[in-house]
Amino acid sequence: MPSPGTGVLVRAHLTVGVALSVLCVCLPAGPVHDALYSVISCGCVALMVVGVRRHRPRAVAGWWLTTCGVAAWAAADLLWAVYTWVLHVSPFPSPADALYLTSYALIACGFWRFVRARRGQGDPEGFVDSLIFTVGFVLLSWVLLMRPGLESAGESSVARVLAAAYPLGDVLLLAFLVRLLTTSGARTASFRWLVAGNTLLLVADCAYQYVEMTTGYSGGLITLPWLLGYVCFATAALHPSMRALTDGDGRQAGTRFTRRRLAALTLASLVAPGTLLVELALGLRLEGWAVGVSSVVLFALVVQRMSGLLRRLDQQAAKLSELARTDALTGLPNRRTGDAELARMQVRALEEGLPLCVAVLDLDRFKAFNDTYGHQAGDQLLVQASAAWRERLVVDRVGAGAGRSAMLGRWGGEEFLLLVLGRDLASAVAVVDSLRAVTPAGQTFSAGVAQWDGTSSAAELFAAADTALYAAKCGGRDAVVAAPAPVQVQLQAPTR
């Protein structure tokens, strides 16, 4: 249980953090602005450490990696302030660049640990979705940031590397942010604050890179998303729900394909043709190779995603079909399957000239067993009886021999059905009688067996077996009774 002071600390942090961030943006560029900026960023890092140490979450490595990444970013900001206002230099490249690039890697690694902890046994569909979003973002990043940055960097190799490295760092952050969003698991408050922090960091970083290339960076509102990103990261670590951030639901079947996800994937897939249409409409430089390559990759990913959906549909259809044919409790074929199997055996019996018998088994005094031991014990008896009978039928090799086959199924309640093809009435009675010895929990059953005459309907055949079952119960139970020799049996509802 979270301590009462935790909620107060979170609310106080949000209030003070947002107020100081707004104040910092309103201040003119200068030492005071940068000093307040560093106080906010470093203070948020300290609060993240407090949150991780206080709540001790599972998969703590992800939190520490993310905290170290945010700390590296704050250290780079502080180092730039020292260069600008203390040392009065502007080195390029500088250790601050190394810290910024290291921050990308650390935060991405932290999110990767969160993804691993939340995704259970794996989620290939979520991985493909994240790739679709990432490819679309890479194209936009190339058009708006990377290519212009490389062109403005001139011939300097270091400048060209950094011009590409920063947008690629943003791509890395976005890829793991989207992958985290596609995982299953609870969307806790801490989860939402963590996502908000990463999103604000991406927005500010992309805006800074674009403004720096076009008009030149001079502070202002662009710094607000960075500051609020620090506040969000600290809030995510301070909130008590951060302990449950890595609790996935363990689902292996894949993530749900919702309408919102479909709309998002559609937009991401349209980035490539949309970029080309905008360039044509505005008369801009065409990025033919970038659009072409990204279109091919997106098409392949969409095909992969659709094939995954089709596989899921096939698996679900097969599972539904199995559920429709199988009794959920015992795992035996259900009554619907018994009807279909009887019809199939009747065809074989006529074509091959084989005898066909039907037996109905009923556990004796099952209601009294339920009343004495409870319904859970009654269900367990049904499961154990079906397993023991099925094993005995295998041992007796009922299905052995030319044309012979058998099917044990649950007829309903405590009644079971046994279809035997290739054995006459006396042999079928012997097979059913052999099951009495393996009935579990000291229980007994009564059974009626009837042989098909080749002309009677399935309902008449079942009625004959049911009448024989009624005779077995009236005779004292714990017996197997054969119906009269195969003749037309008039359909009737035996009275119990």
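The protein chain carries 42 positive and 36 negative side chains, and the centres of these two sets are 6 Å apart. The model described here is predicted. Within the structure there are 15 salt bridges. Three of them are set out below.

| Salt bridge | N to O distance |
|---|---|
| Glutamate 125 and arginine 312 | 3.1 Å |
| Arginine 285 and glutamate 151 | 2.5 Å |
| Aspartate 371 and lysine 367 | 3.1 Å |

In the salt bridge between glutamate 125 and arginine 312, the side chains meet at 3.1 Å, N to O. This pair connects distant parts of the chain, since glutamate 125 belongs to helix H5 (residues 124-152) and arginine 312 to helix H11 (residues 288-325), 187 residues apart. Glutamate 125 has a relative accessibility of 9% and therefore counts as buried. Arginine 312, with a relative accessible area of 16%, is buried.

The side chains of arginine 285 and glutamate 151 form a salt bridge of 2.5 Å, N to O. Arginine 285 is located in the loop between helix H10 (271-282) and H11, while glutamate 151 is in helix H5, so this pair ties together parts that lie 134 residues apart in sequence. Glutamate 151 counts as partly exposed, at 47% relative accessibility.

A further salt bridge joins aspartate 371 and lysine 367 at 3.1 Å, N to O. These two residues are four positions apart in helix H13 (residues 366-373), which means that about one helical turn separates aspartate 371 from lysine 367. Both aspartate 371 and lysine 367 are exposed. Elsewhere, salt bridges with shared partners bring Glu125, Asp129, Arg261, Arg305 and Arg312 into one network.

The overall form of the chain can now be considered. Its secondary structure consists of 16 helices and five strands. The radius of gyration of the protein chain is 36 Å, well over the 23 Å given by the globule rule for 496 residues, so the chain is more spread out than a compact globule. Along the principal axes, the C-alpha atoms of the protein chain fill a box of roughly 110 × 60 × 35 Å.

Of the 496 residues of the protein chain, 45% count as buried. The protein chain exposes about 24200 Å², of which carbon and sulfur atoms supply 65%. Among contacts in the protein chain with a separation of 6 or more, 76% are between residues 24 or more positions apart.

Conventions:
Residues numbered from 1 in each chain as written. Predicted model: local features only at pLDDT ≥ 70, side-chain atom pairs only at ≥ 80, totals over all residues. Heavy atoms only, no water. Rg over C-alpha atoms; globule rule 2.2 N^0.38 Å. Buried < 20%, exposed > 50% of the residue type's maximum accessible area, 1.4 Å probe, protein only. Contact = heavy atoms within 4.5 Å. Areas by Shrake-Rupley, 256 points an atom, 1.4 Å probe, with all protein chains shown as cover. Lys, Arg positive; Asp, Glu negative; His and termini not counted. Charge placed at Lys NZ, Arg CZ, Asp CG, Glu CD. Salt bridge = Lys/Arg side-chain N within 4 Å of Asp/Glu carboxyl O.
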